[in-house]
Amino acid sequence: MNRLGEDGDPGFPGNEGSKGTRGRRGNMGVPGDPGEPGSIGDPGETGQKGPPGHALETSCGLIAYIRESCPCCSQRKGKCPAYPTELAFALDMSEDVTPAIFKQMKTIVINFLKDISIAESNCPTGARVAVLTYSNVARPFIRFSAFKKKQLMLKELDALSYERSSNRRNIGSGMEFVARNTFKRVRNGVLVKKVAVFITNGGSQDTEALAAAATQFFASGITPVIISFKNIPEVEQAFPVSKIIIYTYVFNTEFAALKL
């Protein structure tokens, strides 16, 4: 029977083999858990104090001033105003407005319109008037083209009734609506003036909407006038002083009995 020989010495290492083909790409892993929220940053620097509002002691003084300044008031000299005017009034109907406050707002508008020259034809003279209400949304009530007779317009405005609302006030949103919709169809002409009068019972916390409204008003050539029953610093900060007229006065529950 044959016997196995002894093991031989180990051989030398072989040469390195050629590179293999690239393997198939693996599947994507599942997303990781969301990270922890970052810490709250340091408070920003306090902004500069805004300019004080223009205070009027009584609503009668306010009415008298607007009548004197408006180019379409009949008390001014001359039968026709120098500038035809598109005039919009927006009345606050948000959650903190009471029936008494809303009545005062409406009375301000009615007493002002009594002495205004209304455009009664296609002649580019006088004023066309629009009226709307707003809270966090705006609702048209009278459009520019609706009335060419003052008495009919005043009768319609007198019928505007108070509606209780739970919506918060957003002046900027109301202004954006006025710029985009109320003033969408106005009379043509370089002399036509566009004025939007907002009557409000207080301020508005949506500063982004106010900033956007200010930009739209400037681009559209609309002059904003704010009549407020309370201080509204956020509105004053959104509009440059030279681009807005703001009146602030204390609400007077006896206003309805006043003779303007």
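Me: Is Val 190 buried or exposed, and what is its relative accessible area?

Reply: In this predicted model, Val 190 is exposed, because its relative accessible area is 83% and the cut-off for exposed is over 50%.

Me: Where in the chain is Val 190 found?

Reply: Val 190 sits in the loop between helix H4 (171-182) and strand E5 (193-200).

Me: Which residues form a nonpolar patch on the surface?

Reply: Val 190 takes part in that patch, together with Tyr 83 and Leu 191. The accessible area of the three together is about 320 Å².

Me: How do I read the surface and the interior of the protein chain as a whole?

Reply: Start with the accessible surface, which comes to about 17200 Å². Carbon and sulfur atoms account for 50% of that surface. For the interior, take the buried residues: they make up 39% of the 260 residues.

Me: How many helices and strands does the protein chain have?

Reply: There are six helices and seven strands. Read from the N terminus, the order of elements is β-α-β-α-β-β-α-α-β-α-β-α-β.

Me: How do I read a pair of strands?

Reply: The general idea comes with the side chains: in a regular strand they alternate between the two faces of the sheet. For a case here, take strand E3 (residues 127-134) and strand E4 (residues 138-142), which pair in the antiparallel sense over four bridges. A hairpin of three residues joins E3 to E4. Across the pair, Thr 133 stands opposite Arg 139 in E4.

Me: What share of the contacts with a separation of 6 or more comes from residues 24 or more positions apart?

Reply: In the protein chain that share is 75%.

Note on methods:
Residues numbered from 1 in each chain as written. Predicted model: local features only at pLDDT ≥ 70, side-chain atom pairs only at ≥ 80, totals over all residues. Heavy atoms only, no water. Pairing = 2+ DSSP bridges. Helix = DSSP H or I, 4+ residues; strand = E, 2+ residues; numbered from the N terminus. Buried < 20%, exposed > 50% of the residue type's maximum accessible area, 1.4 Å probe, protein only. Contact = heavy atoms within 4.5 Å. Areas by Shrake-Rupley, 256 points an atom, 1.4 Å probe, with all protein chains shown as cover. Patch = residues over 30% accessible without salt bridge, like charges linked within 9 Å, V, L, I, M, F, W, Y side chains within 5 Å. Salt bridge = Lys/Arg side-chain N within 4 Å of Asp/Glu carboxyl O.
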